[in-house]
Amino acid sequence: MMERGHSRAGADGASSAEGIGRKIGGTVRSLGQALFATYRLGGRTMLAAPAIAALAILPEMAQYVAEISLGMFESTDAFRAHSTSSLRMGFGYVKLAGLALAIVATARFWAFGSVRAALLVRPAALVRIVLAVALLIAAELPFKWLRGEGLPVALDMALMLTSLLIQAGLTVYVFSVLIEDRAMTLRRAFTDYWPTAIVMTLLFGAAFLPAQALHMMNHSGAIGSPDAVVWALMLFDSLLVGLMAALIGAALFVGYRTGATWRGWTTPPGQLAR
């Protein structure tokens with residue numbers, strides 16, 4: 001009798017472990033499909049919506065023209081000397097704004113399927129976007145103030161974790177406002193859809209980090225090179241920045257649209273990967 005009980009317990013344990021293994025494998029496979037969908041949609045943006053990519057490409061190229069005219073790429077010393085030039089910094093602010101707009105427009109493009117709809121934001125939607133972003137910023141301010149008060153390490157870590165959890169839920173909500181998804185509410189963002197923020201973060205990193213590494217390599221390769229090489233690298237890099245914006249926008253869209261919840265995916269990533 002005891003042997004039979006031990007046998008049944010062993011079988012139950014093996015079955016449980018097998019079930020956990022299948023769930024982990026399924027999650028990894030779904031994340032792989034989401035990553036594939038990110039690069040698929042990001043790459044397609046360059047051809048399907050070049051006007052959106054241009055929001056990042058043109059300011060980037062304009063800054064490179066200014067940098068080359070300043071002689072920034074003549075040597076490492078010249079690069080450092082001109083890195084804080086007011087001319088370069090002015091173009092830099094415009095470049096960052098263009099990059100942010102291209103990211104948001106890419107996400108909206110895949111949400112609406114239209115370049116026009118992606119770029120033209122209705123006044124009522126714009127008001128909701130401003131309020132949602134203001135809420136995101138305001139929610140962080142108390143934690144930033146408290147963590148600057150020299151609190152004990154344990155309390156500081158607890159505040160940081162609480163802040164991250166709040167920002168995760170708010171990020172999902174703010175993104176829903178950016179793509180005008182009225183079905184998402186603050187309550188749903190802070191209950192069912194917290195895992196969505198994790199997937200969005202993972203896909204963001206997978207889209208940004210490789211492109212950023214290549215971006216930095218282009219800069220390093222341009223320093224001290226002949227003018228023709230510098231111009232070629234900077235032209236390529238401008239296109240790369242446009243692709244980076246498209247990939248990040250696609251990553252946020254895929255992460256949100258697949259809608260990871262505690263019970264599974266709202267939209268199976270495989271559907272977006274096709």
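Arg-108 is buried, its relative accessible area being 2%; buried means under 20%, exposed over 50% and partly exposed in between, with a 1.4 Å probe and protein chains only. The model is predicted, so local features need pLDDT of at least 70 and side-chain atom pairs count only at pLDDT 80 or more, while totals for chains, interfaces and linings use all residues. Residues are numbered from 1 along each chain as its sequence is written, and side-chain values use heavy atoms, with hydrogens and water left out.

The side chain of Arg-108 forms a salt bridge with that of Glu-180, at 3.0 Å from N to O; the term requires a side-chain nitrogen of Lys or Arg within 4 Å of a carboxyl oxygen of Asp or Glu. Arg-108 belongs to helix H4 and Glu-180 to the loop between helix H7 (153–178) and helix H8 (186–189), so the pair ties together parts that are 72 residues apart in sequence. Glu-180 has 18% relative accessibility and therefore counts as buried.

Five salt bridges are found in the whole structure. Among them, Arg-88 and Glu-67 meet through their side chains at 2.7 Å, N to O. This pair links distant parts of the chain, with Arg-88 in helix H4 and Glu-67 in helix H2, 21 residues apart. Both residues are buried, Arg-88 at 15% relative accessibility. Helix H4 covers residues 86–112; helices (H or I, at least four residues) are DSSP runs, numbered from the N terminus. The side chain of Arg-88 also reaches the backbone oxygen of Ser-83 at 2.8 Å.

Buried residues of H2 include Ile-52, Ala-56, Pro-59 and Tyr-64. After H2 comes Gly-71, with a positive phi near 80 degrees.

Another salt bridge joins Asp-192 and Arg-263, whose closest N and O atoms are 3.6 Å apart. Here Asp-192 is partly exposed, with a relative accessible area of 24%, whereas Arg-263 is exposed at 67%.

Terms used
Helix = DSSP H or I, 4+ residues; strand = E, 2+ residues; numbered from the N terminus. Polar contact = N/O pair within 3.5 Å; in protein donor to acceptor, adjacent residues only side chain to side chain.
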